[in-house]
Amino acid sequence: MPAPLRVDAGELTVEEIMAALGEGRRVVVRTEMLGGTHEVTLRHDGETFYCDTPTTLHKHSDEAEMRTCIDNMGYAKPA
């Protein structure tokens with residue numbers, strides 16, 4: 001398994017994050033939430049996309065849903 005890509009929220013574009021997930025990499029995003037800095041792990045198992053946050057595991061069935069989540073949560077650079 002490739003090494004995870006570790007970034008700060010807003011450091012990469014949605015396209016760069018999705019490309020890393022497409023290569024089989026996990027993307028660990030450091031972000032401000034819940035009054036502190038936390039890590040969110042984004043991953044793809046070839047079928048389902050996952051956003052593993054400090055409070056829950058979100059699942060997305062397709063690339064469009066994952067892109068929307070990344071945008072809405074502020075993990076990527078604003079367009």
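The legends below describe several views of one predicted protein model.

In this predicted model, local features require pLDDT of at least 70, side-chain atom pairs count only at pLDDT 80 or more, and totals for chains, interfaces and linings use all residues. Residues are numbered from 1 along each chain as its sequence is written, and side-chain values use heavy atoms, with hydrogens and water left out.

**View 1. The protein chain contains two helices and five strands.** Helices (H or I, at least four residues) and strands (E, at least two) are DSSP runs, numbered from the N terminus. From that terminus on, the elements run β-α-β-β-β-β-α. The C-alpha trace spans about 35 × 25 × 25 Å along its principal axes. Buried residues make up 34% of the 79 residues; buried means under 20% relative accessible area, exposed over 50%, and partly exposed in between (1.4 Å probe, protein chains only).

**View 2. Five strands form an open sheet in the order S1-S2-S3-S4-S5, with mixed pairing.** Two strands pair if DSSP finds at least two bridges between them. The edge strands are S1 and S5 (57–60), each pairing on one side only. Neighbouring strands are turned by 25° against each other on average, direction ignored. Axes are lines fitted to C-alpha atoms, for helices over the stretch in contact, and angles run from 0 to 180 degrees between N-to-C directions.

**View 3. Strands S1 and S2 run parallel and are joined by four bridges.** The chain passes from S1 through H1 to S2 in a right-handed β-α-β crossover. Right-handed here means that, with the strands pointing away from the viewer, the path from the first strand over the helix to the second runs clockwise. Leu5 has Val27 of S2 as its bridge partner. Five of the seven residues of S2 are buried.

**View 4. Helix H1 (residues 14–22) has Val14, Ile17, Met18, Ala20 and Leu21 buried.** Seen down the axis of H1, its buried residues fall within an arc of 160°, so they line one face of the helix. The arc is that of the directions from the helix axis to the C-beta atoms. Glu15 and Gly22, on the other side of H1, are exposed. The cover over the buried residues includes strands S1, S2, S3 and S4 as well as helix H2, where contact means heavy atoms within 4.5 Å. H1 runs at about 55° to S3. After H1 comes Gly24, with a positive phi near 90°.

**View 5. Strands S2 and S3 form a hairpin with two residues between the strands.** Their antiparallel pairing extends over seven bridges, and Glu32 stands opposite Thr37 in S3. In this hairpin Leu34 takes a positive phi near 55°.

**View 6. Thr41 lies in strand S3.** With 17% relative accessibility, Thr41 counts as buried. Not counting residues up to four places away in sequence, Thr41 touches Arg26, Val27, Val28, Tyr50, Cys51 and Asp52. S3 also pairs with S4 in the antiparallel sense over four bridges, and Leu42 stands opposite Cys51 in S4. Helix H2 packs on the sheet, touching S3, S4 and S5, and its direction makes about 25° with that of S4.
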